[in-house]
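Please keep the sequence and the three-dimensional view open while I speak.

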Amino acid sequence: MRYSTSITKGLSSTFAQEVLERDGPNELKPPKGTPEYVKFARQLAGGLQCLMWVAAVICFIAFGIEISKGEISGYDDLYLAITLIAVVVVTGCFGYYQEFKSTNIIASFKNLVPQQALVIRDGQKNQINANLLVVGDLVEIKGGDRVPADIRVITSQGCKVPNIQNTPRTHPILFRSTVWLSGTERICECMFPCKELEKETLQSVYFPPLQVCLSLTAKRLARKNCVVKNLEAVETLGSTSVLCSDKTGTLTQNRMTVAHLWFDNMIHAADTTEDQSGQSFDQSSETWRALGRVASLCNRAVFKPNQETVPIPKRIVVGDASETALLKFTELTIGNIIDYRGRFKKICEVPFNSTNKFQLSIHELEDPLDLRYLLVMKGAPERILERCSTILIKGQELPLDEQWKEAFQTAYMDLGGLGERVLGFCHIYLNEKEFPRGYTFDTDEMNFTTSGLCFAGLISMIDPPRATVPDAVMKCRTAGIRVVMVTGDHPITARAIAANVGIISEGSETVEDIATRLRIPVEQVKKSDARACVINGGQLKDMTSDELDDALRNHPEMVFARTSPQQKLIIVESCQRLGSIVAVTGDGVNDSPALKKADIGIAMGIAGSDAAKNAADMILLDDNFASIVTGVEQGRLIFDNLKKSIAYTLTKNIPELTPYLIYITVSVPLPLGCITILFIELATDIFPSVSLAYEKAESDIMHLKPRNPRRDRLVNEALAVYSYFQIGMMCFTDYFTAMAQEGWFPLLCVGLRSQWEDVRLQDLQDSYGQEWTYSQRLYQEYTCYTVFFVSIEVCQIADVLIRKTRRLSAFQQGFFRLVLFQLCLGNLLCYCPGMPNIFNFMPIRVQWWFVPLPYGILIFVYDEIRKLAVRRHPGSKYHTYFVKLFVHSLIFFFGHHWDKTVSWLC
Amino acid sequence: MAKGDKKNEWKEFFWNPRTREFCGRTASSWGLIFLFYLAFYIFLAGMFILTMYVMLLTLDDNKPTYQDRLATPGLMIRPKGEEMEIIYAKENTESWDTHVQALNSFLSPYNDSVQEQKNYACKPDQYFKQEDSDSVKNNPKRSCQFRRSILEDCSGLTDRYYGYDEGKPCIIIKLNRVIGMLPGKDGQAPSISCAPKIDDTDKMGEVAYFPRNGTFNLMYFPYYGKKAQVNYSQPLVAIKFLNITLNTEINVECKIIANNIPNLNERDKFAGRVSFKLRINSRN
């Protein structure tokens, strides 16, 4: 062997440590990033920023010329230049910070799901992080793993990899990150944990604010155990309409747990909660003591050593699933089973086999004076019952007559119907005379009593659902997301769990249920009457895709049992044919196609194979179904917030743009100045638009149907319409009011521009025949700027109020903070002395604050009514148009009324 | 392959012959949308016009609601010249002819005949108030005569060229009209006073004011607006530079002196004052 390694024992850990120190960790070097100063410079040199630099330079030049001429008429140019530069720098810093943050967030995700490798060192197998591998390490790889380093395959069986370049070689070389598709676990040797450069994998395709939003959400999700691999997954997640979930491990706890006991002719429920917080059953009965003893003794499972501090349900056990469940159960109810078993010395045992379907063992009794042997037995209930002649009821052996047999049968059926695995338990004290001490029990010959035993009871086990799952399923249901269970389990178990967590709701029936209830053949049942449907893999194989589509369409509650991973893909495709956005969970290698096909593939972080994690868009760190629902909620929230944010940006841009359009086309005196716009952009806007993006969820976010990504775009026409004109109109009303009340009637204003701006004209006549100097007109113009600014502020307030809550009434969310902020800022700019000459803000008359207010209130009223309609009739297609018409006619009357109010006010 | 698909997809989006959809909508759908927006915009425009109309209804025809910017009335000169500069050569008739023309046309409404015909000879030295009684508007309001002849040497009646040919030019100063303004206080009429800007008093020489003392008679105030007082004649003050230094640039500043008009506004160089440049070239 090369690299001084042994083919069986691998490296010694000390040597491996040395090599690790010498070579460094087995990591790909991240690509050389762009230097930070370049990133910052990029923020300062965007298209708009360049324009602003040029503008600033021009301002400086203009100011310089004025100085050189020796006459400084004003510092306006200087102020404007400084403001422009400040704007560029401040927004640059902000943008840089945001980019920095989102890059960090994305980078941090890599460490959340570290790659593991099974390495053989000192002859022992150990799970270590893949970056600790060194040259010469032996690693074991199983199907679905990602190759942890560049390796040479030493032994393999049925190995399949996608892109093997040098197959003919006896020891083919595999490069890291190749997915090992199938083939049993084989040993490979690390060749060179080489240090090639990693390609840049995460590339942002979003414009920065969206990127920030998404990465922040991704971070929030990561905290809730969902790691998102590509950012758009966050958004798609929000529109998920079908969720195909695995059962084992996702909906359930992935551990067999004792769920029910039947003794004393009664079914007792055991505590199945993950943290043992549930109710326990009555343990005072003698029968229970006997049953508990059988369960403890007839059990080969043991705890792995050194786990005293670990809570019992979490301890690792050597043994099969049911024995593990029984061991933990008895450990919890009786206590210290190892010690208990020690007191009943085991003489011999017959392990479980599929022909006997039972397991028995023979023990000495605890009491040294009692020389009888105790035979304990467990197994398939019907087989156990065959061997029994008596039954233990309240500690007394009663003959097992037909009545008891019927009772047993009922209990057995009941428990089986719950999807639980039922075991029967019985025992017998062997006759002291027939089997004295020292008797040689021969397990092959069975030279001892195995019939006429005493039946103790039944214990049934199940992999119980996770505590949080029923709530999560309920949440999905209200959110219009359909949960489909796809499992390899038995249909009865699958159905029981589905009913338990609410995937099949109470009162829902399958076709078969209806047939039994009505006592008619299955064929006569109307399929649409059955809400629920359980299809097993065999049936699925025989179905055409149309039939499957039909089934999915007809039955809202679907469970697929006994399915293969390939069939998962068929189910996903069928859902997508029906127009759903499908999220699929998966863990195995064979799930990869389904994960890839799904709109959102979700891999399990604990149980999932590397292949599944590779194919998925999202990884659930805790394998918990409830985390997916959290993800959906976050995805919806971000879409909602972005929608609000974008609508807000749109609405504010239009009133900022229209003054210039009107100024150019109709030649009115300029209604809105540059510095004023800068103020709107920088001061009054930042707070609302940022706060919108970081908004908390509206409480009904999970009560709506998933949006249709084809129809529900970020900006729909309806939003654009009323934002564009209403607000522009509102600002112009205020502008014309301010002009007219000072003596410039609207009609005079039209076409006035060239005279208005003529510096030499010191006696321009207004509508009343008064004469104005240029300076007086200029200050009037500033007044208009201020009035326009105030109108925009009022519109912003109204707008944020309506945007913030697209469906819920604004009064349901308190945020008058924002209003306060806007008002304080507006007041400061208007009434602080010195403002006219620095920032071109004039102290305006108080009335002008109120001119746009009724419009603002109208927008608000209008929107509240729209929301009411949306809440009353969610999802109807044309309602918006009618509501719009209705509301605008309302505005008409309101508006009319308002005009009178204004005349009264002024 | 994929590219072709995309192209087809676009084509289909633009015109889908199967569903007869243009840009993803059928004709009737487009029609409905068009109708809706048409109605919507008409409605918005109507609403805007309505609000503007109602706003205009609230305005008074004769008096602006606010006069926030007009606390200090502006002063202006005639002729204006280019950029408030009056530069001419006294021998060169063409160089001052435009100024004379400007003065002629400016003063023509002040011809004595016109004034006597249209306006009322008011009682001088007191405000000519014509207030409305409570309900009845006292309209139209009469205006006081300002006869051109009051300007004497600068009236252009005796001296056709307003002294421009002799190097003794006349400049007429007018006070901007502001509705309701009552300049002066305690019966004292506002007057104009001109002085050179920088220390070139001696260069400016003597100045004559017409009417005497350069006052605006109180009877021309208040102004009631162009609608109520159609024939209002703005009072004027003429100044005549009697022995100005030739071939030199002189900066002159004229201010209004009235105890209720502040004339020092740093920002506005034309509020209550006016400055101009005067230069008369001459060969000798």
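In which sense do strand β10 and β11 of chain B pair, and over how many bridges? Strand β10(B), residues 249–257, pairs with β11(B) in the antiparallel sense, over seven bridges. Helices and strands here are DSSP runs, H or I of at least four residues for helices and E of at least two for strands, numbered from the N terminus. Two strands count as paired if DSSP finds at least two bridges between them.

Before going further, the basis of the work. This is a predicted model, in which local features need pLDDT of at least 70 and side-chain atom pairs count only at pLDDT 80 or more, while totals for chains, interfaces and linings use all residues. Residues are numbered from 1 along each chain as its sequence is written, chains are lettered from A and ligands numbered from 1 in the order in which they are written, and side-chain values use heavy atoms, with hydrogens and water left out.

Let me return to chain B. Glu249(B) stands opposite Arg279(B), the latter in β11(B). The two strands belong to an open sheet of four, ordered β5-β11-β10-β7, with mixed pairing. At its edges are β5 and β7 (191–196) of chain B, each of which pairs on one side only. On average, and with direction ignored, neighbouring strands of this sheet are turned by 25° against each other. For such angles, axes are lines fitted to C-alpha atoms, for helices over the stretch in contact, and angles run from 0 to 180 degrees between N-to-C directions.

Chain B as a whole has five helices and eleven strands. Of its 284 residues, 45% are buried, meaning under 20% relative accessible area, with exposed being over 50% and partly exposed in between (1.4 Å probe, protein chains only). Among contacts in chain B between residues at least 6 apart in sequence, 75% join residues at least 24 apart; a contact means heavy atoms within 4.5 Å. The UniProt record, an unreviewed entry, places a "transmembrane region" at residues 34–59 of chain B. UniProt positions are given in the numbering used here, feature names are shortened, and annotations may be inferred rather than shown by experiment. In the model, that span is 92% helix and 0% strand, and its end C-alpha atoms lie 38 Å apart.

I turn now to the salt bridges. A salt bridge is a side-chain nitrogen of Lys or Arg within 4 Å of a carboxyl oxygen of Asp or Glu. There are 33 of them over all chains.

Within chain B, Glu85(B) and Lys277(B) meet in one, at 3.1 Å from N to O. Glu85(B) lies in strand β5 (residues 85–89) and Lys277(B) in strand β11 (residues 273–281) of chain B, so the pair ties together parts that are 192 residues apart in sequence. Glu85(B) counts as partly exposed because its relative accessibility is 28%, and Lys277(B) likewise counts as partly exposed, at 22%.

Which residue of chain A forms a salt bridge with Lys174(B)? The partner is Glu771(A), the closest N and O atoms being 3.2 Å apart. This pair crosses between chains, from strand β6 (residues 170–175) of chain B to strand β27 (residues 771–772) of chain A. Both Lys174(B) and Glu771(A) are buried. They also take part in a network of salt bridges that links them with Asp763(A), Arg78(B) and Arg177(B).

Finally, chain A. Eight strands form an open sheet in the order β7-β25-β24-β23-β8-β20-β22-β21, again with mixed pairing. At the edges stand β7 (226–228) and β21 (532–536) of chain A, each with a single partner strand, so one side of each is left without a neighbour in the sheet. The twist averages 20° from one strand to the next. β21(A) and strand β22(A), residues 557–561, run parallel and are joined by five bridges. Cys533(A) has Met558(A) in β22(A) as its bridge partner. Helix α16 (residues 545–554) of chain A packs on this sheet, touching β20 (482–486), β21 and β22, and its direction makes about 135° with that of β22(A).

Residues 77–97 of chain A are 100% helix, with end C-alpha atoms 30 Å apart. Residues 660–680 of chain A are 62% helix and 0% strand, with end C-alpha atoms 15 Å apart.
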